[in-house]
Amino acid sequence: QGTLDLGKVTGVPMELDEKLPGDDILPVERLANDKEIERGKLKKVKEKEAYDLCLELIGKHELDMNLIDAVFTFDGKKVTFFFTSDNRVDFRELVKDLVSSFRARIELRQIGSRDQAKLVGGIGMCGRELCCCTFLNKFAPVTLRTARDQGMSLNPGKLNGACGRLMCCLQFEKEAYADARKRLPKNGKKVRTPDGVGVVTDANYIAEKVTVKF
């Protein structure tokens with residue numbers, strides 16, 4: 001919103017379709033100079049100090065909240081504290097203490113478990129870095145119906161991601177499974193085969209094969 005921030009190049013330049021970037025893609029103004037890089041390092045130190053102090057104040061006020069991160073704007077005029085909580089939190093006294101400790105605007109922002117995983121980071125059960133930390137910009141709703149339609153076991157241990165919610169990647173092949181379901185006979189349906197008439201007992205949507213019981 002009119003203020004510069006420091007970014008880090010994470011990949012080689014590539015050509016993109018003009019229609020692909022959304023409104024949330026920020027322009028790169030220029031290379032950072034040495035003074036700005038030093039300010040970026042100091043910003044990380046200040047964020048660690050702000051996090052530790054806020055954590056101490058949360059304990060002092062006995063608030064039911066889990067502090068996730070503290071982030072300063074690059075100009076140092078505002079600091080945002082991200083937290084999670086299962087309940088509504090009255091943090092007015094906490095804000096007063098924070099205001100008196102920092103010469104900056106204070107914002108406390110409650111986030112969901114998926115946003116927490118995105119901020120903290122981690123490795124998924126596939127062995128790769130979490131999708132939300134690498135390329136996902138928006139969280140699509142994921143339901144048990146999605147897992148059921150893909151023939152997966154409804155076991156929370158296998159379906160839930162690091163955030164404790166259903167894995168985002170269940171959405172990635174949703175359309176492919178929906179297309180396969182249209183073309184394959186459903187369980188319980190009678191089908192005619194070279195070996196006679198049987199009943200479909202299982203469907204493998206990836207191999208596009210069904211198991212038939214005679």
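A nonpolar core is a set of buried Ala, Val, Leu, Ile, Met, Phe, Trp, Tyr and Cys residues joined through side-chain atoms within 4.5 Å. Buried means under 20% relative accessible area, exposed over 50%, and partly exposed in between, with a 1.4 Å probe and protein chains only. Keep both terms in mind.

This is a predicted model, in which local features need pLDDT of at least 70 and side-chain atom pairs count only at pLDDT 80 or more, while totals for chains, interfaces and linings use all residues. Residues are numbered from 1 along each chain as its sequence is written, and side-chain values use heavy atoms, leaving out hydrogens and water.

Begin with the overall layout. The chain has seven helices and six strands. Helices (H or I, at least four residues) and strands (E, at least two) are DSSP runs, numbered from the N terminus. From that end, the order is α-β-β-α-β-α-α-α-α-α-β-β-β.

Now the dimensions. The C-alpha atoms fill a box of roughly 80 × 50 × 25 Å along the principal axes. The radius of gyration of the chain is 25 Å, whereas a compact globule of 214 residues would have one near 17 Å. This radius is taken over C-alpha atoms, and the globule rule is 2.2 Å times the number of residues to the power 0.38. Buried residues make up 26% of the 214.

Next, look inside. In soluble globular proteins, nonpolar side chains tend to be buried together. Here the largest nonpolar core has 19 residues. Met65, Phe81, Leu94, Leu98 and Leu108 touch the most other members. Five elements each supply at least two residues of this core: α1 (34–60), β1 (66–72), β2 (78–84), α2 (92–101) and β3 (105–110). α1 gives the most, with four residues. A second, separate core has six residues, including Val142, Leu166, Met167 and Leu170.

Not counting residues up to four places away in sequence, Leu108 touches Met65, Phe81, Phe83, Phe91, Leu94, Val95 and Leu98. Contact means heavy atoms within 4.5 Å.

Finally, find Gly76. Gly76 is in the loop between β1 and β2. Is Gly76 buried or exposed? Gly76 counts as buried because its relative accessibility is 17%. Leaving aside neighbours within four places in sequence, Gly76 is in contact with Lys46, Arg103 and Ala104. Phe172 is 96 residues from Gly76 along the chain, and their C-alpha atoms are separated by 39 Å.
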